[in-house]
Amino acid sequence: MKKTNGLIIKTTVAILFIGSWLIGCRRDLLLYGGHPVQASTLASGSYAVLTTQLPTFNQADVAVELGMKFKSITAGKITQLSYYKVAGETGTHTGHLWSVSGTLLKSAVFTSETDTGWQFVTLDTAYNIGADTTFVVSVNSVSHYASTSHGLASVINNGPLSSIADNNGVYIYTPGSFPNSSYNGTNYFRDIVFVPTANDPIPPSVPGSLTATSITSNSAILSWTASTDNIGVTGYEVYRNGILIDTTAATTLSVTHLNAAGAYSFYVKARDAFGNRSAASNLADFLTINPGTVTQGSQLTTSMVGPAGISISSFTTVPGGSFYGTALAGWGNLARTLAAGGETIDGFWFPQGTVVLQAADITSQITVYSGWLVLRGCKGSIIYRNPIGDGGGGATLYSQLTAFNTNGRKDGEQPAEAIVHRCYFPNSGLENVYADNITVTESWITPDPSFTGEHVDGIQTWGGQSYLNFSRNHFQFNAPDPDGSFSGLIAMYTDGSQAGYSGYDHITVKDNYIILDSTGIGLHAPLGVPVTNMSVTGNRWKWTLGAPDKDYSPAVYTNTSQTIPNYKTGGNSWSDNRWVDGPYANQFLLPNNVTASSDY
C-alpha cells in the first residue's frame with residue numbers, strides 16, 4: 001500500500017539491506033517455523049492462486065484489511081480461505097469473500113493458528129462460483145503482514161485459477177470492510193482453496209515445429225503445428241525472450257514492435273480449457289534486419305555517438321532523482337509522454353506511457369523504480385531498479401553517460417527491457433549490468449581506471465542472466481593502463497546465482513571492435529557455469545605489442561581452474577573472431593585464447 005511501500009523505497013540504506021537479505025533467504029522466510037509453501041499443503045484436486053510465491057517483506061503497520069482479486073475459468077466451490085502469517089503478527093483474524101462490487105459473500109474466523117506460515121479456515125458451507133467471475137478474498141492484519149511489491153502486477157495462473165492484473169493487491173484501513181484501494185500491485189498473501197466441479201490434470205501436447213519467417217527490421221511471422229488435448233486446446237501463449245507477449249487461438253502470429261538488429265528468442269505453450277499449460281515448444285531464435293550502415297564496431301567514430309550523433313549540442317540542466325513512471329518536477333517541456341500505440345524511436349519501440357527526456361544535462365543519478373524512461377541526447381547517469389513484475393524499463397539513446405546500471409533477480413528487481421544504443425562513455429563503462437533482456441549496441445565504451453590495479457570494466461555482468469545482446473560496440477581502455485588489473489572490456493563474470501540460476505542463456509556478442517592495451521582483458525566470456533544459446537561471432541581485436549605471444553594475449557580470458565564452455569553444443573557458436581591487424585592479422589581467436597589459421 002502506498003503509505004508503507006513508499007517508506008520502504010525511500011528508506012534506502014536500511015531497507016535495501018533488509019530486502020536483499022530477505023530475497024536471498026526466501027526459502028527460509030517461507031519455511032520459517034517449519035511451515036511449507038502453500039502448494040505442498042493442498043489436497044489432491046484442490047487449487048490456490050498462490051503456490052510457490054515468496055513474501056519479500058514482514059511489514060509492520062496499523063490494523064488493515066488486505067486482499068487479492070481472483071477468478072476461475074471453470075465453475076467450482078471455494079472451501080477455505082487462507083493467509084500467510086509473519087512473525088510478530090498476533091490477534092484475531094477474520095477472512096472475507098467478496099463480490100468484485102463489494103458484497104460480502106462469506107466470512108470465517110481463523111482458529112488454532114500457528115506462529116507463522118500459511119493459516120487456513122474452512123467455510124461453514126462451501127461457496128459455489130461460476131466461471132470467469134472476479135471475486136476478492138481478504139483477511140485483516142493487526143500489526144504485521146507479508147508483502148511483495150509488484151507481486152500481483154502481472155497475472156499469476158495456477159490450473160483454473162488466476163489473479164487479476166488490474167489494480168490488484170487491495171487494502172482498506174478499516175478491518176472487516178471491503179478493500180478497494182491498491183498500490184504497486186502488492187501481493188499481501190491472501191488466498192482461497194478451490195475445488196473445481198470437474199478436474200482435468202492432463203496438459204495439452206507440446207506445440208511443434210515453431211518457425212520464424214518474413215523477418216524484417218521490426219517484425220516476423222511465427223508458425224507452429226497444433227497441440228492436442230483430452231478436453232480441447234483453447235489457445236497458445238507466445239513468449240518473447242522469456243516474457244509472455246500474446247495469446248492466440250491460431251497457430252500463426254505476426255509479431256511486431258521488434259527492435260532493429262535485435263536478438264530474439266520465441267517459444268509457444270498450449271493451454272486447455274482448464275488452464276493447464278503444455279511444456280514449451282522448440283525455440284525460434286533470430287536476428288532482425290539491421291537497416292543501418294554500421295555493421296562492425298570499428299566503423300564507429302565519436303561523432304556518431306552520444307548527443308553529437310543526433311546533432312544535439314545545447315543542454316538544459318535538470319535534476320535527477322527517483323522516477324516512478326512520470327516526469328520529474330523540473331524536467332518541464334524537455335520531457336514528453338508517449339501516447340496510445342507507443343512509438344518507435346531510433347529503431348526501438350516503446351509502449352504508451354513511456355517518458356522521453358531529451359537534451360538534458362542531468363545533475364544527479366536517475367533511479368528508475370517503476371514505469372518506462374528513455375533518455376535521448378542527454379548527459380548523466382541512470383540505474384534501472386524496476387521490481388520483478390513491474391513491466392517497466394527503458395533506454396539511453398545517443399546519450400553521454402557516466403554510469404548505466406541495472407539490478408537483477410538477485411536483488412528482486414528486473415526491468416522488462418533495458419537498451420543502450422549509440423551512447424558515449426568517455427571515461428567509464430557499464431559496471432553493473434545484472435538484469436536479463438539487456439541490449440548494448442553501437443556504443444563507444446572507453447573506461448579509464450584512475451589508479452594502478454583499479455578494477456573497471458567496459459560491460460560487467462554477474463551471471464545467472466539471459467537475453468543479453470552486446471553488438472557492434474567500440475571498446476578500449478583509456479590511459480592510464482589498468483596495469484596488472486583484471487579489468488575486462490566485456491566482462492561476463494560468474495559471481496553467483498540469480499533466482500537459482502548461475503549460468504548464461506541466449507547471449508549475443510557480435511561484431512564488436514576491441515582495442516587491447518598491454519594489460520586488461522578484451523573478452524571475459526563465461527567460465528565454469530552452464531552456457532546455452534550463446535553466439536560469439538564477427539568480433540575484431542586490435543593487436544597489442546604488450547602481448548607475450550599469439551597464444552597468451554589479453555584478447556580472451558581463460559583460467560585453468562574454470563571450464564571453457566563447449567561452443568559446438570547447446571545452441572552455442574563461436575565463429576569468425578579475428579585479429580584485425582598486427583603479425584597475425586586476419587587469423588582466428590579461439591575460446592581458449594589460442595590464435596589459429598583456421599576457425600573454431
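Me: Is tyrosine 84 buried or exposed, and what is its relative accessible area?
Reply: The model is a predicted one, and the values here are computed from it. A residue counts as buried when its relative accessible area is under 20%. Tyrosine 84 falls under that cut-off and is therefore buried, with a relative accessible area of 2%.

Me: How many aromatic pairs are there by the rule used here, and what kind of pair do tyrosine 84 and tryptophan 118 form?
Reply: By this rule the count comes to 23 aromatic pairs. Among them is the pair of tyrosine 84 and tryptophan 118, with 5.7 Å from centre to centre and 80° between the planes. Planes over 60 degrees apart count as edge-to-face, so the pair of tyrosine 84 and tryptophan 118 is edge-to-face.

Me: Which strands hold tyrosine 84 and tryptophan 118, and how many residues apart in sequence are the parts that this pair ties together?
Reply: Tyrosine 84 belongs to strand β3, residues 76-85, whereas tryptophan 118 belongs to strand β6, residues 117-129. Tryptophan 118 counts as buried, at 8% relative accessibility.

Me: Why is the pair of tyrosine 567 and tyrosine 600 edge-to-face, and how many residues apart are the two?
Reply: The ring centres of tyrosine 567 and tyrosine 600 are 6.4 Å apart and their planes stand at 80°, so the pair is edge-to-face. Tyrosine 567 lies in the loop between β46 (540-542) and β47 (573-575), while tyrosine 600 lies in the segment after β50 (595-596). The pair thus links distant parts of the chain, 33 residues apart.

Me: In what order do β6, β3 and β13 stand in their sheet, and which strands are at the edges?
Reply: The three strands form an open sheet with antiparallel pairing, in the order β6-β3-β13. Each edge strand has a single partner strand, so one side of each is left without a neighbour in the sheet. The strands at the edges are β6 and β13 (190-196).

Me: Over how many bridges do β3 and β13 pair, and what is the bridge partner of glycine 76 in β13?
Reply: β3 and β13 pair in the antiparallel sense, over seven bridges. In β13, the bridge partner of glycine 76 is proline 196.

Me: Where does asparagine 437 lie, and what is its phi near?
Reply: Asparagine 437 lies in the loop between β35 (432-433) and β36 (438-441), and is buried, with a relative accessible area of 10%. Most residues other than glycine have a negative phi. Asparagine 437, a residue other than glycine, has a positive phi, near 55°.

Me: Which ring does the charged end of lysine 410 sit over?
Reply: A charge sits over a ring if, among other conditions, it is within 6 Å of the ring centre. The charged end of lysine 410 is 4.3 Å from the centre of its ring, that of tryptophan 462.

Me: What is the average pLDDT of the protein, and over which residues does pLDDT stay under 50?
Reply: The protein averages a pLDDT of 89, and 91% of the residues score at least 70. The stretch where pLDDT stays under 50 is residues 1-35.

Notes:
Residues numbered from 1 in each chain as written. Predicted model: local features only at pLDDT ≥ 70, side-chain atom pairs only at ≥ 80, totals over all residues. Heavy atoms only, no water. Helix = DSSP H or I, 4+ residues; strand = E, 2+ residues; numbered from the N terminus. Buried < 20%, exposed > 50% of the residue type's maximum accessible area, 1.4 Å probe, protein only. Phe/Tyr/Trp six-rings, centres within 6.5 Å; stacked < 30°, edge-to-face > 60°. Lys NZ or Arg CZ within 6 Å of the ring centre and 35° of its normal. Pairing = 2+ DSSP bridges. pLDDT = per-residue confidence, 0-100. Contact = heavy atoms within 4.5 Å.
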